[in-house]
Structure formats: C-alpha cells, structure tokens
Amino acid sequence: MTICVFASSSSRINHEYSIAASTLGVLLARSRMDVVFGGGGIGLMGKLADAILTNGGTITGIIPSFMKDEGWDHTGLGEMIVTPDMGERKKRMFEMADAVVALPGGVGTLEELTEALTLKQLGLFKGPIIILNTLNFYKSLIDFLEHMILNNFLRYEHKGMWEIADTPEQVMAYLKKNELWINDPRSIAKI
Amino acid sequence: MVLEVNDSNFDEVVIKSEKPVMVDFWAEWCGPCRMITPIVEEISKEYSDKAVIAKCDVDSSPGVAAKFGIRNIPTILFFKDGNIADKQVGAVPKSNFVTKLNALI
C-alpha cells in the first residue's frame with residue numbers, strides 16, 4: 001500500500017511540526033506502508049524521509065530535475081525518480097498513490113492537496129485524503145472548505161472527501177479504515 | 001485453497017514444502033492487498049496440484065514478516081526448496097504472479 005505524502009520544505013517552523021512528521025514516518029514504516037513524496041531533503045519532507053529510512057521503511061522520492069540541480073533533494077533515498085517538471089512530478093505521485101496525506105506546508109503543499117481533492121471530486125482519485133492538522137495549522141483552510149459548502153461551491157457530500165487528523169496516530173487510523181467514499185463521484189461532481 | 005500461514009506453522013507449510021510455494025503477505029486494512037485476494041484465490045484453485053498457495057497476515061505474524069524483510073504490503077514471495085526464489089511487491093495483474101510461479105514448476 002503506497003501513501004503519497006505532501007509536506008513543507010521549510011525548516012524554519014515550530015518544532016512540533018517536525019515531531020509530527022517524524023512520528024508519522026515511524027508509524028508508516030512500522031505498518032509496512034510504502035511512501036512516495038516530493039523527494040526533498042529538508043523541512044518536513046526531510047524529517048519524514050529520515051524517520052522512515054531509520055525505521056526500515058520504503059520511501060520513493062519524485063523530484064523535478066531543476067530542484068535536484070539546486071541540491072534540494074534527499075540524498076539517502078533508495079529510489080529517486082527525476083521528472084522534467086513540476087506537473088509530471090505530481091502526476092507520477094498520484095499514479096502511485098493509494099492514499100494521500102497532507103502535512104503542514106506552503107503554497108506547494110496546498111496546491112498538491114487541493115489537486116488531490118479535485119481529482120477525488122471528479123472520480124479520478126479514489127483513495128483517502130487525510131489532512132494532518134498539527135497545532136490546528138489547517139484551521140483556515142478547513143473553514144474555507146466549509147465556506148465553499150455553505151455557499152454551494154461544493155456539495156455537502158464533498159465534505160466526505162477529506163479527513164482531518166489531529167495526530168499522526170489518527171492519520172494511521174484513517175489509513176487503516178480504508179473506507180470508500182462514494183461509488184460514483186461524477187454523479188455529484190456538478191454542483 | 002489458500003493456506004493460512006503464521007509464525008508457528010510457516011516452516012512446516014512453506015520451508016519444508018516439496019512443491020513451490022507462493023506466499024501473499026497482507027493485512028486486513030490494506031486496500032491493495034484486498035484487490036489481489038481474488039487473484040490469489042484463483043491461482044490456488046488452478047495450481048492446487050502443482051504448488052502451495054498461502055497467505056500470511058503481517059500484523060498477526062510479525063516474526064515471519066521480520067525474518068523475510070517484508071517492508072511493504074502486499075508482498076508476494078515465491079519459495080522453492082525452502083529458499084526465496086522470486087518476489088513481487090504491490091498489486092499487479094494476475095499474469096505477473098503466474099509467470100513467476102510457472103518458472104518454478
């Protein structure tokens with residue numbers, strides 16, 4: 001089972017975020033879940049990867065060539081796939097993913113998370129999408145998604161597309177619950 | 001029939017088997033594992049006289065899973081004469097399993 005993790009590459013963040021990323025890495029490795037991620041060596045991506053590798057897990061990085069040229073890649077991975085651009089990177093990550101987990105991050109992480117939600121709304125991705133809401137980081141986004149629903153930009157049923165986890169342990173519980181959302185997402189894709 | 005193997009009967013059923021053995025390492029919560037369950041059951045019927053087809057729940061058999069370095073599931077190991085002869089990680093089409101199994105018969 002392959003879990004796609006989106007996460008920050010910033011290291012200048014509260015230590016609690018790093019602890020949560022490391023803890024998730026340990027739990028994923030222990031549960032024998034494969035991980036695919038953006039291949040970064042720093043920030044929460046780096047913390048996650050280090051924890052997985054230290055605990056005998058498997059993690060594949062997918063990174064665009066320009067980021068590798070800049071030296072932003074994690075150099076200790078067993079497998080690193082280099083893509084020509086950002087779009088191809090994300091496409092490859094979704095192709096491999098059985099589930100998506102978003103850790104706190106910046107606009108890159110936000111964009112990846114919202115694409116996952118879009119693909120799920122359209123029935124192009126069927127797995128769970130879990131938002132790790134460490135220190136209530138995603139409160140504004142969760143409120144904004146509710147705002148979309150209240151104003152009919154999203155249907156109420158679409159609320160079932162994502163799960164909010166306060167801790168890495170809750171992320172694991174959602175991953176192992178493995179519930180299907182609805183059989184025919186396209187029937188409700190149009191608002 | 002797919003035999004259930006665990007930490008206590010693994011040696012008896014898999015390692016000492018005279019026929020080639022295919023072992024599906026899985027867990028109840030793993031979606032991709034459930035996707036290949038019907039394939040493994042089909043293969044067990046088709047190869048009932050030529051090979052032993054088994055499955056091992058990694059959560060209830062941590063010993064076997066650790067011994068064979070199962071880092072992700074589903075992982076399918078193919079044994080011949082008590083040794084690992086081949087390996088397949090992830091949910092893949094039936095033909096991948098059949099090809100690997102045929103090579104051992």
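Reply: In chain A, helix H1 (residues 15–30) and helix H2 (residues 43–54) pack with their axes 7 Å apart, at an angle of about 35°. The model is a predicted one: local features need pLDDT of at least 70, side-chain atom pairs count only at pLDDT 80 or more, and totals for chains, interfaces and linings use all residues. Residues are numbered from 1 along each chain as its sequence is written, while chains are lettered from A and ligands numbered from 1 in the order in which they are written.

Me: What do the angle and the distance describe?

Reply: Two packed helices are described by the angle between their axes and the distance between the axes. Axes are lines fitted to C-alpha atoms, for helices over the stretch in contact, and angles run from 0 to 180 degrees between N-to-C directions. Helices (H or I, at least four residues) and strands (E, at least two) are DSSP runs, numbered from the N terminus.

Me: At what angle do H2(B) and H4(B) pack?

Reply: Helix H2 (residues 31–46) and helix H4 of chain B pack at about 40°, with axes 10 Å apart. H2(B) is therefore oblique to H4(B) (under 35 degrees counts as roughly parallel, over 145 as roughly antiparallel, 65 to 115 as roughly perpendicular and the rest as oblique). B:Ile39, B:Glu42 and B:Ile43 of H2(B) meet B:Lys94, B:Phe97, B:Val98 and B:Leu101 of H4(B).

Me: How should I read a sheet?

Reply: Strands of a sheet pair through backbone hydrogen bonds, either parallel or antiparallel. Two strands pair if DSSP finds at least two bridges between them. In chain A, seven strands form an open sheet in the order S4-S3-S2-S1-S5-S6-S7, with parallel pairing. Its edge strands are S4 (79–83) and S7 (162–165), each pairing on one side only. Strand S1 (residues 2–6) and strand S2 (residues 34–37) of chain A pair over four bridges, and A:Val5 stands opposite A:Phe37.

Me: What is the order of the strands in chain B, and which stand at the edges?

Reply: Five strands of chain B form an open sheet of mixed pairing, in the order S1-S3-S2-S4-S5. Strand S1 (3–4) and strand S5 (83–89) of chain B each have a single partner strand, so one side of each lacks a neighbour in the sheet. S4(B) (residues 75–80) runs antiparallel to S5(B), joined by six bridges, whereas S2(B) and S3(B) are parallel over six bridges.

Me: Is strand S3(B) mostly covered or exposed?

Reply: S3(B) (residues 52–57) is mostly covered, with five of its six residues buried. A residue is buried if 20 or more other C-beta atoms lie within 10 Å of its own, exposed if 12 or fewer, and partly exposed in between, with C-beta atoms placed from the backbone.

Definitions and conventions: Contact = placed C-beta atoms within 7 Å.
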